[in-house]
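Visitor: I'd like a walk through this fold, with the cut-offs spelled out as we go. Can you put it on screen?

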Amino acid sequence: AMNGGGAMGMGGAGNQPIQGAGGNACVLMVRGLVEGHTKPIHLANLFAVYANVERVKVLFHKRDQALVQVENMQQGTNAKTNLNGCDLFGKKIMVDFFRTQGQQSSFIPPPQQGGAGGEQLTQDFTDQSYRRHKPDKALRAFTPSNTVHVANCPDGTSEQNIRDFFVGCGDILGVRSFHEKGHQWAVTFGSVNTAVETVAVKGGSVLGGRPVRLGFSSSAVGGGFGGA
C-alpha cells in the first residue's frame with residue numbers, strides 16, 4: 001500500500017502510460033528541471049523511491065526536461081502520483097506519462113559514450129541497486145515528506161554515522177533508529193524540499209561499504225512536519 005498524497009494532475013483520462021512493444025516498461029516525461037544542475041542520477045535516485053528505474057535521459061535541446069523509464073505501468077503510476085508537483089532544487093517538477101507519435105519507440109535508447117561536451121545525458125540504471133521493488137515484496141512508499149527513511153545501513157551504524165552521512169544536506173531536526181543493529185533510520189529535515197533534494201543527491205551513496213536506500217517516512221522525528 002502507498003500513501004499517495006495530493007499530487008497535481010497534468011493529463012486527462014486519455015493520457016495513458018505508454019508500454020513499449022515486447023516489454024512492459026513505462027516512460028515518464030519530467031518537466032521543470034533546473035537546467036545544468038539536475039542530472040540523470042538525481043532523477044534516478046528520486047524515482048527509485050517509487051519504481052525500478054531503468055534509464056534516464058535529459059533532453060539535449062531542452063535541458064529542463066527528461067525522460068524516465070521505469071519497469072512497468074504500475075510503478076510509473078506510483079511515481080507520477082507521488083512526484084508530480086513536488087519541488088526539486090527550487091523548481092516544481094511536472095511528471096506525466098510520455099506519449100509517442102506514430103510508431104516511435106517508447107523506450108529510451110541505450111546511452112552512448114561521450115555525449116555533448118563529454119556530458120552523459122542518458123544513463124542506464126538497470127543494475128541491482130536500483131531494482132528495490134519486487135513483485136513478491138511490495139514496499140510501502142510514502143509521498144514526499146520532510147522525514148527521510150534510511151535503509152540498508154551496515155551493522156553497528158550509529159546516530160553520529162547518520163549525521164555525518166547527511167552533513168551539508170540541511171538542518172536535521174531529529175534522528176531515530178528503527179533497528180537494533182542500526183540497519184534502518186529516520187531523519188527529519190527542516191522542510192520537505194530539503195528532504196527531496198537529499199534523496200535526489202544522496203540516494204545510493206555508500207555508508208560503511210553498503211549503498212543506502214532512501215525513501216520518505218510518514219512520521220517526523222523530534223518535531224512536526226516541516227513546510228515546503
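Guide: Let's start with Asn 152, which sits in the loop between strand 8 (147-151) and helix 3 (159-165). Helices (H or I, at least four residues) and strands (E, at least two) are DSSP runs, numbered from the N terminus. Some ground rules: this is a predicted model, where local features need pLDDT of at least 70 and side-chain atom pairs count only at pLDDT 80 or more, while totals for chains, interfaces and linings use all residues. Residues are numbered from 1 along each chain as its sequence is written, and side-chain values use heavy atoms, with hydrogens and water left out.

Visitor: Why does Asn 152 count as buried?

Guide: Buried means under 20% relative accessible area, exposed over 50%, and partly exposed in between (1.4 Å probe, protein chains only). Asn 152 has 17% relative accessibility, so it counts as buried.

Visitor: And what is the phi of Asn 152?

Guide: Near 70 degrees, a positive value in a residue other than glycine. Most residues other than glycine have a negative phi. Phe 89 also has a positive phi, of about 55 degrees, and is not a glycine. Phe 89 lies in the loop between strand 4 and strand 5 (91-92).

Visitor: What makes Phe 89 buried?

Guide: The relative accessible area of Phe 89 is 15%, so Phe 89 is buried.

Visitor: How do you know how far to trust the model, going by pLDDT?

Guide: pLDDT is the predictor's confidence in each residue, from 0 to 100. The chain averages 82, and 78% of the residues score at least 70. Residues 1-22 stay under 50, and pLDDT is also under 50 over residues 223-228. The model still has 56 contacts beyond four places in sequence for residues 1-22, a contact being heavy atoms within 4.5 Å.

Visitor: What makes a set of residues a nonpolar core?

Guide: The set has to be buried Ala, Val, Leu, Ile, Met, Phe, Trp, Tyr and Cys residues joined through side-chain atoms within 4.5 Å. Here the largest one has 48 residues, and those with the most contacts inside it are Phe 47, Val 53, Val 150, Ile 162 and Phe 166. Apart from it lies another core of six residues, among them Val 27, Met 29, Phe 98 and Ile 108.

Visitor: Which residues does Ile 162 touch?

Guide: Leaving out residues up to four places away in sequence, the partners of Ile 162 are Val 150, Cys 153, Thr 157, Val 175, Trp 185, Val 187 and Leu 207.

Visitor: How do you know that strand 8 pairs with strand 13?

Guide: Two strands pair if DSSP finds at least two bridges between them. Four bridges join strand 8 to strand 13, and the two run antiparallel. One spot to look at is Val 150, which stands opposite Leu 214 in strand 13.

Visitor: What is the strand order in the open sheet of four strands?

Guide: The order is 9-10-8-13, with antiparallel pairing. Strand 9 (172-177) and strand 13 (213-216) are the edge strands, as each pairs on one side only. From one strand to the next, the twist averages 20 degrees.

Visitor: What packs on the sheet?

Guide: Helix 4 (residues 192-202) does, touching strand 8, strand 10 (185-189) and strand 13. The direction of helix 4 makes about 160 degrees with that of strand 13. For that angle, axes are lines fitted to C-alpha atoms, for helices over the stretch in contact, and angles run from 0 to 180 degrees between N-to-C directions.

Visitor: What makes helix 4 mostly covered?

Guide: Eight of its eleven residues are buried, including Ala 195, Val 196 and Val 199. Their cover includes helix 1, strand 4 and helix 3 as well as strands of the sheet, namely strand 8, strand 10 and strand 13. Just after helix 4, Gly 204 takes a positive phi of about 80 degrees.

Visitor: Why is helix 1 called largely enclosed?

Guide: Seven of the eight residues of helix 1 (residues 40-47) are buried, so helix 1 is largely enclosed by the rest of the structure. Among the buried ones are Pro 40, His 42 and Phe 47.
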